[in-house]
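Trainee: I have a structure open and would like to go through some of its features with you. Could we begin with the charged side chains?

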Amino acid sequence: MLAVYKKELRSYFNNMLGWAIMAVTLVFIGFFSVVININNLSPLFDYVLIYMIGYCIYVVLIPFVTMKSIASERHDRTEQLLLSLPIPTWKVVLAKYLAEMTFVSIPLVISAVYPLIFSLFGTINFATVYATWVTLFFLLAAMVAMGTFFSSLFENQIVAAVSTVGVFFILYFLSNIISAMPSSSLFSLVCLYVLALVFGLIVKYLTRDTTVGIICAAVPALGLLVWYIIDSDAFSGLFANMLYGLSIFDKFFNSVGYEIFDLTAIIYYISLSVVFVFITVQSVEKRRWNS
């Protein structure tokens, strides 16, 4: 596992793209620091971290970090060689994920020094700054896990990157999309039925068992129908509220915007990371046995 981790981490520093991503990240952190903290004489370094998400810097950069994780192995025909190592598949995927997180964390760790420097020239609210820093770290952990999963679905790195960027932008503008949705009970029921169908298809894809997929789609669909017949009013705006609760970026902005350390957001990001690493393992395992 350590060997895979070292190989993956080293690969980021053996090509210009890795250095370019790190340079761009540090340039934007430095630029926002100059604009907010130096030019405006403001102690609010947490705004620098917020702007890295608010201006979609990480939304665009993270997919280019994760795009090669699994996709490059498939493209170079080295995936089966990697999976033939005497370690379980989950350790291979986890090693790659940890290498990606290490790479992403390097500029973030460097940025953690900035408030200490600025504190020499004024008063810094360290609690707020580092609470934002920790929340951003776990948000990036969830984003990297999602990007790794999309990398496992495609052989072409660019397709993996573009798909991940597309999903991130949908999540970024999710609150605007939600506000345009009908709030009727029937609309929520139909959308939940679609989710049940998608869930069944995912289970079928992972298990290669059509019967299990149908059962996993039919059981929640039947439960939703019974619930709708009993209390249709409960479905009014239900789907929109569910989507809003799943929005990773809105959780971040709501947490740091009110200068609070939201433990539920951290737990949510950790849960997302675990889920997407898990389904990435299942995706790789499926191809392994199909081959």
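Trainee: Is E8 buried or exposed?
Mentor: In this predicted model, E8 has a relative accessible area of 3%, so E8 counts as buried, the cut-off being under 20%.

Trainee: Which side chains does E8 pair with in salt bridges?
Mentor: One partner is K96, with the closest N and O atoms 2.7 Å apart. That pair links distant parts of the chain, K96 in helix α7 (residues 89-111) and E8 in helix α1, 88 residues apart. The other partner is K68, at 3.4 Å from N to O. K68 lies in the loop between α4 (57-66) and α5 (71-75), so its pair with E8 ties together parts that are 60 residues apart in sequence.

Trainee: Why does K96 count as buried?
Mentor: Because its relative accessibility is 1%. K68 is buried as well, and E8, K68 and K96 are linked in a network of salt bridges.

Trainee: How many salt bridges are there by this rule?
Mentor: The count comes to two.

Trainee: Changing topic, how do helices α2 and α3 pack?
Mentor: Helix α2 (residues 16-39) and helix α3 (residues 46-54) pack at about 130°, and their axes are 9 Å apart. The angle makes α2 oblique to α3. Their crossing is right-handed.

Trainee: And the surface: which residues make the nonpolar patch?
Mentor: V113, L116, I117, L120, F121 and F126 make a patch of about 640 Å².

Trainee: Where does F121 lie?
Mentor: F121 is in the loop between α8 (114-118) and α9 (126-153). Its relative accessibility is 72%, so F121 counts as exposed.

Technical notes. Residues numbered from 1 in each chain as written. Predicted model: local features only at pLDDT ≥ 70, side-chain atom pairs only at ≥ 80, totals over all residues. Heavy atoms only, no water. Patch = residues over 30% accessible without salt bridge, like charges linked within 9 Å, V, L, I, M, F, W, Y side chains within 5 Å. Areas by Shrake-Rupley, 256 points an atom, 1.4 Å probe, with all protein chains shown as cover. Salt bridge = Lys/Arg side-chain N within 4 Å of Asp/Glu carboxyl O. Helix = DSSP H or I, 4+ residues; strand = E, 2+ residues; numbered from the N terminus. Buried < 20%, exposed > 50% of the residue type's maximum accessible area, 1.4 Å probe, protein only. Axes fitted to C-alpha atoms, helices over the stretch in contact; angles between N-to-C directions. Parallel < 35°, antiparallel > 145°, perpendicular 65-115°, else oblique. Left-handed = near helix turned anticlockwise from the far one by under 90°.
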